[in-house]
Amino acid sequence: MNVDSVILDIDGVLVDVEDSYRRAIVESIAHVYGDTIDKADIQLFKDAGGFNNDWELTYAAALYVLARREKPALSIETYTGLIAASGGGLQAAETAIADELPPAAREKVLAEWDRKRLRDVFQQLYLGSELYRELESGEPDLDTEGFIHDEPVLLAPDTREALEEWSLGVLTGRPAAEAEIALDRVGLDIPETHRFTMDDWEEGKPHPHGLVELTKRFDAESAVFAGDTLDDIRTARNAAEDDPDREFYGVGVLTGGLSGDEGRRKFRNAGADIIIETINDLPGLLG
């Protein structure tokens with residue numbers, strides 16, 4: 001791929017979030033409701049689309065846990081399939097519950113659904129008490145170390161040096177402060193103008209705005225976007241439609257929730273131009 005700019009996702013690409021963000025999703029729901037989903041089921045939500053924001057994924061998964069109490073036969077595969085069929089995301093999750101539950105049960109579930117508390121617990125578990133005080137400007141009611149410290153670096157130093165030969169940007173669903181922590185950990189010095197985080201755009205992936213805007217800021221004619229979810233590939237495809245004067249390549253990275261032959265199949269079906277085992281394989285494919 002002959003490209004002018006390289007745009008990277010963070011989670012599942014630069015750092016491993018299996019025991020941080022994904023653990024926080026599962027344990028936040030368990031803490032609030034005494035029941036939760038399996039960690040492996042998180043990928044069903046990611047594949048359904050529209051869950052670039054892990055808080056919203058937590059809300060949708062919690063909604064399922066509550067709905068399952070009213071309708072035990074409702075499988076998580078059916079639920080996430082309905083979400084995908086409705087376009088993905090939290091609104092589609094609410095639509096699925098509305099379709100699957102009778103009115104009285106639906107009202108009961110929605111009354112118990114506490115998104116504010118879920119987010120607060122999530123942030124305490126993920127950040128830990130000290131960072132929670134600093135970044136959330138509040139006093140935690142849980143004494144936690146923080147899963148954020150359990151994020152192994154996936155980007156090798158020689159890969160980092162190689163990628164810095166291109167105009168390098170980041171497109172992530174993380175809040176800006178948490179993106180800064182991850183970038184410091186991997187040793188990437190990327191200016192704020194070359195980043196798009198949760199704080200910079202309302203739509204999130206797979207909406208193309210962030211990727212198109214970063215490419216414009218680089219004044220690049222072509223860009224590669226490497227991510228670990230199907231929405232990352234959809235973002236590249238949507239950017240190509242939104243800005244046909246530029247070339248956009250979507251690269252699927254198999255160090256997130258998608259892996260092996262099944263991960264490759266899903267990436268191909270989503271329209272990935274290239275699928276790589278790890279971000280460290282990317283420099284050798286760039287011209």
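**Ground rules.** I am reading a predicted model, where local features need pLDDT of at least 70, side-chain atom pairs count only at pLDDT 80 or more, and totals for chains, interfaces and linings use all residues. Residues are numbered from 1 along each chain as its sequence is written, and side-chain values use heavy atoms, with hydrogens and water left out.

**Entry 1: between the domains.** I then looked up contacts (heavy atoms within 4.5 Å): 19 residues of domain 1 touch 19 residues of domain 2. The buried area is about 1,400 Å², with 48% given by carbon and sulfur atoms; this is the accessible area (1.4 Å probe) that the two parts lose on being put together, summed over both. D16, E178 and M198 supply 29% of what domain 1 buries against domain 2, more than any other three residues.

Entry 2: I found one salt bridge between the two domains; the term asks for a side-chain nitrogen of Lys or Arg within 4 Å of a carboxyl oxygen of Asp or Glu. I also looked at D47 and K266, which form a salt bridge with their closest N and O atoms 2.7 Å apart. On the side of domain 1 that touches domain 2, helix 9 (176-186) and helix 11 are the elements that give two or more residues. Helices (H or I, at least four residues) and strands (E, at least two) are DSSP runs, numbered from the N terminus.

**Entry 3: helix 10.** Which residues of helix 10 are buried? I found G210, L211, V212, L214 and T215 in this helix, which spans residues 209-217. Buried means under 20% relative accessible area, exposed over 50%, and partly exposed in between (1.4 Å probe, protein chains only). Their cover includes strand 1 (5-8), strand 2 (167-171) and helix 11 (230-242).

Entry 4: A cis peptide bond joins K205 and P206, with omega about 15°. After helix 10 comes D219, which has a positive phi of about 55° although it is not a glycine. Is D219 buried or exposed? At 65% relative accessibility, D219 counts as exposed.

I found S137 in the loop between helix 7 (115-136) and helix 8 (157-163). S137 also has a positive phi, about 55°, without being a glycine, and at 66% relative accessibility S137 is exposed.
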